[in-house]
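Opening the notebook on this one.

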Amino acid sequence: MIAKDNQLLILDGRAMLDACWHVAKSSPNYNEATDLFMVGLRRAINFIRPSHVLAAFDHPAGSSWRKRICPEYKANRPQKDARHIEQIELAIKCCRALGIHTVYSQHGEADDVIATAVSRLPPHMDALIYTRDKDLYQLLSRPLTGAIWRDSKVGAWQEVRGASAVRAKVGVYAAQIADLLAIAGDAADNIKGCPGVGEVTAKALLAKYANLSEIFNNLAFLGVRGADSVASMLRAGRAQITNAFVLVSLRKDITDEAIPAAEAIEQALRWSWASANLKDFVQGGLPGTDFVRWQLDNLEPPTEDKIM
């Protein structure tokens, strides 16, 4: 497999593993979630053929800055049990065993780690983020940046690339994702938006105005259906909208030595099957060993017993 020059694959490791967990948590195979994670990783690498790879996870101890602002943040989610946490830790171990630059930080969530890394990429590097999380669509305003995922129903890869493609998919441009979530809220993360103003109205507002600032500067003549009522609700909910905007916006300023600086990131994220520690991975008996062994066999010159 020949890698594409300057092609970065970014793994939203937390979301990938969580999705695998929900499929596998009832499996008698204790490590089924990590097995599925590794299948997804292999498919992504073989499809994208990256020259660089980054994996981002949430810190095992969590990141509390959003909780400090809003104690209800993600309070609607059940607490991860011990086996789930073990699978996250095992997925991190697998990525690192393959030589993939793998990061988690107490200063931010996986999404913030990804946002910070993307902000430091050289302009010529193409970045594809393996995720279905619309929060990360905020990053698609950057040229040469897309989001990919594999649709299991049709067995094919899907891609959203660029600000206009985001608008075609979710109804607003990439740069407006945080504005949309701030007004309409984000039920997945238990973030409340403006009471009384839903997603349809929020999209109508953002079709006329570029961002929240423009909306609030034009409350007297919004030009949308029920404008007077909407303006009244926006005025009453302004503090809540402002708070939600902070919560949903991705941080691009995470200070953590594990996230390479701009001048070092291209070299730090370089990766290939040939440079991975495949023999050590196989000897460790980690989930995914079968396909890693196959990859190793295809990288090494055939031995006499293989020829025979």
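**Ground rules.** I'm working on a predicted model, where local features need pLDDT of at least 70 and side-chain atom pairs count only at pLDDT 80 or more, while totals for chains, interfaces and linings use all residues. Residues are numbered from 1 along each chain as its sequence is written, and side-chain values use heavy atoms, with hydrogens and water left out.

**Helix 7 with helix 11.** I started with helix 7 (residues 177-184) and helix 11 (residues 238-248), whose axes come within 8 Å and cross at roughly 135°. For me, helices are DSSP runs of H or I of at least four residues and strands are E runs of at least two, numbered from the N terminus. Axes are lines fitted to C-alpha atoms, for helices over the stretch in contact, with angles from 0 to 180 degrees between N-to-C directions. The two helices are therefore oblique to each other; under 35 degrees counts as roughly parallel, over 145 as roughly antiparallel, 65 to 115 as roughly perpendicular, and the rest as oblique. Ala178, Asp179, Leu181 and Ala182 of helix 7 touch Ile241, Ala244, Phe245 and Val248 of helix 11, where contact means heavy atoms within 4.5 Å. I get 7 nonpolar, no polar and 1 charged residue there. The classes: Ala, Val, Leu, Ile, Met, Phe, Trp, Tyr, Cys and Pro are nonpolar, Asp, Glu, Lys and Arg are charged, and the others, Gly among them, are polar.

**Helix 7 with helix 8.** Next I checked helix 8 (residues 199-208), which packs against helix 7 at about 140° with the axes 9 Å apart. That makes this pair oblique, and the crossing is right-handed. Asp179, Leu180, Ile183 and Ala184 of helix 7 meet Glu199, Ala202, Lys203 and Leu206 of helix 8. By class I read 5 nonpolar, no polar and 3 charged residues.

**Helix 2 with helix 4.** The axes of helix 2 (residues 32-48) and helix 4 (residues 82-97) come within 9 Å and cross at roughly 35°, again right-handed. Glu32, Ala33, Thr34, Phe37 and Met38 face Gln87, Leu90, Ala91, Cys94 and Cys95.

**Helix 5.** How many of the 10 residues of helix 5 (residues 110-119) are buried? I find 9, so this helix is largely enclosed by the rest of the structure. Buried means under 20% relative accessible area, exposed over 50%, and partly exposed in between (1.4 Å probe, protein chains only). Asp111 and Asp112 are among the buried ones.

**Thr131.** I found Thr131 in the loop between strand 4 (126-130) and strand 5 (145-151), and at 4% relative accessibility it is buried. Its side chain reaches the backbone nitrogen of Asp133 at 3.0 Å. Beyond four places in sequence, Thr131 contacts Asp12, Leu136, Ala147, Ile148 and Trp149.

**Positive phi.** Most residues other than glycine have a negative phi, hence this last check. Asn6 has phi near 55°; Asn6 sits in the segment before strand 1 (7-12) and is partly exposed at 25%. Asn190 has a phi of about 60°; Asn190 lies in the loop between helix 7 and helix 8 and is buried at 17%.

Key:
Polar contact = N/O pair within 3.5 Å; in protein donor to acceptor, adjacent residues only side chain to side chain. Left-handed = near helix turned anticlockwise from the far one by under 90°.
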